[in-house]
Amino acid sequence: MATVHFSRGLARYTGGVESLTVDAPRVQELLVVVTERFPGLTQPLEVMAIAVDGEVHQHHDYLKLRPDSEIHFVPQIAGG
Amino acid sequence: MPQTQAYEAPRTLADAVRLLSTDGHARPLAGGTDLLVQSRATQKLPSTFVDLKRIPELVGIEVGPDGLRLGAATSAAVICEHAEARRLWPGLVEAIGLLGSTQIQGRASVGGNLCNGSPAADTTCSLIVNRARGVIAGAKGERTVEVERFTTGPGRTVLEPGDLLVALVVPRPAARTADAYLRLIPRSEMDIAAAGAAASVTLDERGVCTAARVAIGAVAPTALLVPAAADALIGSRLDDAALRRAADAASAAARPIDDKRGTAVYRKTVVGVLTRRAAGIAAERARARP
Amino acid sequence: MSTATKTFEHVGTRPIRHDGLDKVTGRANYGADYALPGMLHGYVVRSPHAHARIVSIDTSAAEAMAGVKAVVTGSDIPKTNAKLVMGEAALDLGAMGDNALAHDKALYEGHAVAAVAATSPEIASAAAEAIRVVYEPLQPVMNVDQALAPDALILHDGMVTKGRPKPDAPTRTNVALRMELTRGDLDKGFAGADVVIERTFTTPMVHQGYIEPHACVARWGEDGQVVVWTSTQGHFVVRDCCAGILGIDAARIKVIPSEIGGGFGGKIPVYLEPVAIALARKAHRPVKLVMSREDVFRASGPTSGTKIRVKLGAKKDGSFVAASASLYYEAGAYAGSPAGAGAMCAIAAYDIPNFLVEAYDIVVNRPKVAAYRAPGAPAAAFAVESVVDEVARRLGKDPIELRLQNAVREGDQAAYGPEFGPIGLREVLEAARCHPHWKAPLVPQPGRKVGRGVACGFWFNAGLNSSATVSLSADGSANVVTGNPDIGGTRVAQALMVSEELGIPVERVRPIVADTDSIGYNDVTGGSRVCYATGMAVIEAARDAQAQLRARAAKIWDVPVEQVGWERGRAIALNGASGREPLTVSELAAKLMHTGGPIIGSATVNAPMAGPAFGAHICDLEVDEDTGVSRVVRYTVVQDVGKAVHPSYVEGQMQGGASQGIGWALNEEYVYDAEGHLQNPGFLDYRMPVASDLPMIDTVIIEVANPLHPYGVRGVGEVPIVPPLAAVANAMHDATRVRFTALPLSPPRVLAALKQRG
């Protein structure tokens, strides 16, 4: 079961839930579970990137999750 | 760069005056370091560039018993390498050495700097305190004008259509006389003065100031001769109190504006600081002279 | 792979770059150097108003002029809602197209509204003057305060605040985005603090100041194939942006990058390219467009002016217990300031249990900002590091000590979310504390005050997508081909990587930046990613070639490939095959045609974020208290670079970033009048430092290996612009005892503050 962490700002859309364990093989399936459970997250997550086990990924849908994976949502950035 | 109509390089003063007086849209070209940049920026070209650098009267530097005669189109680099000029007018030559960059110095001229009519021109204040006069040739003959009366406003001078600045003449300094020029730029070079000040002082054998001139730049529509600042110095030993009185007089005379290069309040303050320091340097130099 | 013990033969040396001689002798071709037979010259008509509705554009007089071959306006650029995903950020192609040629409104002074192509530059500019544009001028909205005012004019009807708008946020707004980062209990945190410092800071809009203005040539072939020659940080992105903006198939566009005279993020967006293509399509002739320096300042992307409020609470022992920050960033005419990145970087260096950082992306009537070296981070660091300095003074603590006490370390959860892997902040701070500069006495010149400041900086660094090939020649030399324009010496770094993997001397490796048709996709040269991510692709491609060389050696020796190893650029025989003399690359290459033909190694990567990096800067500043003029007299940059592939260019990045940051701190700023007209669109009055303004900047390279990269490389180019703003301001405080909260520290501002201090 991977653990998804919601920052306090995101927890506004989860009814205060700050973390959630999700049984999902990949990020794509995990996001489906998360946004079905908390539909209010759909819009805020559109402008967020995702960090899996400390690494921020750009193209993450098919990224495999480990049973102990830690997932954070982080704001998007661009570099110069 | 837009195309110009014509380029002429006359070899005599008479030919240059004729070219300029018969065509109101012709422009004299010395180093071109202002003219070409302005032409590019405005996309407006004169009908004819009249290159002055092949006219003997306009190029060269002579130091004689009467003082300095400086061809108006002489490049800054040539002047800065003239040891006798550097010795007699250290402030003036330092001011000339501030024009542009090393590369620009090979072309830029003092005459051009003056004719460009910028209130921030680095050489004008030093010319004024050294009592320089401009020799002007025109269709009606030759005349001379004190440099402090040469510029009449931003970009404007006493030159009339067909007039040409031929040379600058500077009288030889009296004994125990020296000058200095300082400008304020936020950077160390490649910049335009937010304020500038030049001073020339003459001391007697006891170190008392018997004559002085102070001029300030970039703080009014033209460079200003400030007699009140000179009066604060004359009769003193150029001690701190006298220098501060001169500074206050310079600040009082300044009529600066707010613009991208500095605020009016700032310029009024620092032109005093520059005056105090320039007069102090001139005093040191004068004291070291026999 | 443990890189602590890894030794390198080529990586870490300092060969002359392959492109160096052409550049220093003026032979290199930049964007404006291209010319084609029959080429037309373009001229862009720009709005004289900062904010105006475009009522009508009459191009008939211009079109009737002899020599005029095409005129385009916004109506030639389709309106689109398309987005282009570029790494984390999505480029809004609709906004980019509207920025290239305005449709309905001119949103800043210099906004392009029409363009002409003619047989000479003079005819083009004369025709531009003949275009009649009728404007209905509107009140310009020039800064954060004006944009947020209750009665502010709205730049874009229908703008809604994305992200997490406050519940009471107005529905008609100039705020494009609000985001926040939170942790812990802010009130409780501040309640437990012994010292709380709160200040509001401002930084001006500043430009990257790259030497080469934007320039391109576009050709529209009769078969509909488009070729663009341009100066860009990413020709694949130019291709995809132009395709999206103009609604043409990207497969028909080929983009050929020129050498690039600087970019710093500012050459990621397209400005001229879609216009040049549209003109070329109409004219049936190639069209060249070149920006003047004034155009570059007025109409290319600088970085945001900002207003930032920071509050920091600490215990007497120095530990930080709570922080809050509100960041307001000017986006320019369209959404997309780096406010979010600023928020993520603001307190990234410190382990603070309770915080709230919020960021606002705000549109104003200024040019749309573009990325600029660690976009968003320098202004945020200016605010936070100034407050950290003040806390240190209040507590009587050494400022480096205080930072060390609170510095994040491996395993800490970053303020922006994930856990840090191995990071070098503590190593960097320790090195700064031990540096002779930190211990040297401050000796003022007569009539001057002197002070010393220190500050930290953080940047994420990007990964993204890269492709590379390595092909061997029969003479034992090699080509390494990538698709990233070389801004900071990446070609020689890539050649060094090939040397390291294959044992070919670096001068026999030819690094090439190929066009969009000649190599696989590469994301932009930006985010400090090229040496890291494209480097990974190069290393993988070289290793692919190496595997093929081993197979050739196996063929020559007639042994199974498992019995061939690779060591120091040679194939060596292992166990069963021992006794055979090693084969060098040259020997193997000479036999290529007898062992199976040419060899090309290739690789692509989709690299994760590149491993965060930190720097610390020490600045000594001298101030003339009578004039307010200051000068940096000594400066030291300490930075964790993971592994320096070519140390000279790593040091060059560190020095260059510091120089730009010092300019930002001291004199650079966009000066607008009340009507929104830029007053200083040139290098004379936009005062970047000149060489004589700066001392030789000392550099200290720290190498804490990045586990994501085979050599341990981290991104280098952006971190060094983050600390200087605060390092300079902290030095100014040390010298004058005045805490400056507004940049730049220009002489008039400094003198005014000194007079107020008395």
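## Terms and model

Two residues are in contact if their C-beta atoms, placed from the backbone, lie within 7 Å. By that rule, among contacts in chain A between residues at least 6 apart in sequence, 51% join residues at least 24 apart.

This is a predicted model, in which local features need pLDDT of at least 70, side-chain atom pairs count only at pLDDT 80 or more, and totals for chains, interfaces and linings use all residues. Residues are numbered from 1 along each chain as its sequence is written, while chains are lettered from A and ligands numbered from 1 in the order in which they are written.

## Fold of chain A

Chain A has 3 helices and 5 strands. Helices (H or I, at least four residues) and strands (E, at least two) are DSSP runs, numbered from the N terminus. From that end, the order is β-α-β-α-α-β-β-β.

## Extent and burial

The C-alpha trace of chain A spans about 35 × 25 × 15 Å along its principal axes. Of the 80 residues of chain A, 35% count as buried, meaning that 20 or more other C-beta atoms lie within 10 Å of the residue's own, with C-beta atoms placed from the backbone.

## Where chain A meets chain C

In chain A, 22 residues are in contact with 39 residues of chain C. Four elements of chain A each give two or more residues to this side: helix H1 (8–11), strand S3 (48–52), strand S4 (55–57) and strand S5 (70–75). The largest share, 4 residues, comes from S5(A).

Methods: A residue is buried if 20 or more other C-beta atoms lie within 10 Å of its own, exposed if 12 or fewer, and partly exposed in between; C-beta atoms are placed from the backbone.
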